[in-house]
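This briefing is intended for a reader with the coordinates open. Please keep the model at hand while working through the points.

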Amino acid sequence: MTPNDRLDLDFSKPELVVIPCGSRKLDHPARAANLYIGSYHRACRKAADALRPDRLLILSARYGLLDLDDVVEPYDTPHGATDAVASQLILEQATLRDIVRLDPVVALGGARHVGLVRSVWPRALTPLAGTRGMGEQMARLAALREGHVN
């Protein structure tokens with residue numbers, strides 16, 4: 001996908017959108033929907049909501065796949081760290097949730113996040129691919145909220 005391509009998911013409404021956890025978090029246990037307070041996570045969340053998926057999950061570096069209502073403790077584990085979740089755990093969680101065969105799946109996030117998502121859903125759509133840094137990712141997320149990439 002190039003920056004001038006139009007992202008038109010209307011014909012194939014995603015069954016699942018997986019967004020990354022945020023580096024900024026509340027300092028107390030909270031619902032996953034409320035725990036992450038950073039601007040990047042919020043931008044991913046708004047873009048995901050605009051795609052109107054059947055299901056939205058957060059991929060936490062500590063806990064793996066989280067529903068928005070899951071209550072979790074705050075943590076300081078980044079994706080890629082020694083104690084971060086690995087693809088095997090994500091696959092096990094997806095299997096337990098009976099969501100492995102969902103399609104289409106959209107992965108919003110950086111390379112590590114997308115790599116984990118693709119370990120379960122190899123055909124996942126990755127609308128942030130090709131962006132060169134946080135500024136371009138934020139611009140692409142804003143474009144997704146509007147229904148296109150520019």
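The structure is a predicted model, in which local features need pLDDT of at least 70 and side-chain atom pairs count only at pLDDT 80 or more, while totals for chains, interfaces and linings use all residues. Residues are numbered from 1 along each chain as its sequence is written, and side-chain values use heavy atoms, with hydrogens and water left out.

**Confidence**

- The protein chain has a mean pLDDT of 90, and 90% of its residues reach 70 or more; pLDDT is the predictor's confidence in each residue, from 0 to 100.
- Residues 1-6 have a pLDDT below 50, and this stretch has 15 contacts in the model beyond near neighbours in sequence; a contact means heavy atoms within 4.5 Å.

**Nonpolar cores**

- A nonpolar core is a set of buried Ala, Val, Leu, Ile, Met, Phe, Trp, Tyr and Cys residues joined through side-chain atoms within 4.5 Å.
- Buried means under 20% relative accessible area, exposed over 50%, and partly exposed in between, with a 1.4 Å probe and protein chains only.
- The largest nonpolar core has 26 residues, and Val17, Ile19, Tyr36, Ile58, Leu108 and Leu141 are those with the most contacts inside it.
- At least two residues of this core come from each of β1 (16-20), α1 (32-35), α2 (39-51), β3 (56-60) and α5 (134-145); helices (H or I, at least four residues) and strands (E, at least two) are DSSP runs, numbered from the N terminus.
- Helix α2 supplies the largest share of this core, six residues.
- Another core, of 17 residues, lies apart from the largest one and includes Val18, Val114, Leu116 and Val120.
- Leu108 touches Val17, Val18, Ile19, Pro20, Cys44, Ala47, Ala48, His113, Pro127, Leu128, Leu141 and Leu144, not counting residues up to four places away in sequence.
- In soluble globular proteins, nonpolar side chains tend to be buried together.

**Largest pocket**

- The largest pocket holds about 410 Å³ of space; grid points are joined across faces, edges and corners, and a volume is the space filled by probe spheres set on the points.
- On a 1 Å grid over the protein atoms alone, a pocket is an open set of points where a 1.4 Å probe fits, with protein on both sides within 12 Å along at least five of seven lines, and lining residues have an atom within 4 Å of a point.
- Its lining consists of 20 residues, of which Pro20, Cys21, Ser23, Tyr40 and His79 lie nearest the centre of the pocket.
- The elements giving two or more residues to this lining are α2, α4 (111-120) and α5, and α2 gives the largest share, three residues.
- By class, the lining has five nonpolar, eleven polar and four charged residues; Ala, Val, Leu, Ile, Met, Phe, Trp, Tyr, Cys and Pro count as nonpolar, Asp, Glu, Lys and Arg as charged, and the others, Gly among them, as polar.
- Pro20 lies in strand β1 and is buried, with a relative accessible area of 5%.
- Outside its sequence neighbours up to four places away, Pro20 touches Tyr40, His41, Cys44, Ile58, Leu59, Leu108, Gly109 and His113.

**Backbone geometry**

- Most residues other than glycine have a negative phi, and most peptide bonds are trans.
- The peptide bond from Asp103 to Pro104 is cis, with omega near 5 degrees, and Pro104 lies in the loop between α3 (87-96) and β6 (105-107).
- Asp98, in the loop between α3 and β6, has a positive phi near 60 degrees and is exposed at 68% relative accessible area.
- Arg52, in the loop between α2 and β3, has a positive phi near 50 degrees and counts as exposed at 54% relative accessibility.

**Selected positions and separations**

- Arg101 is placed in the loop between α3 and β6 and counts as exposed at 79% relative accessibility.
- Ala142 lies in helix α5 and is partly exposed, with a relative accessible area of 26%.
- Ala129 sits in the loop between α4 and α5 and counts as partly exposed at 41% relative accessibility.
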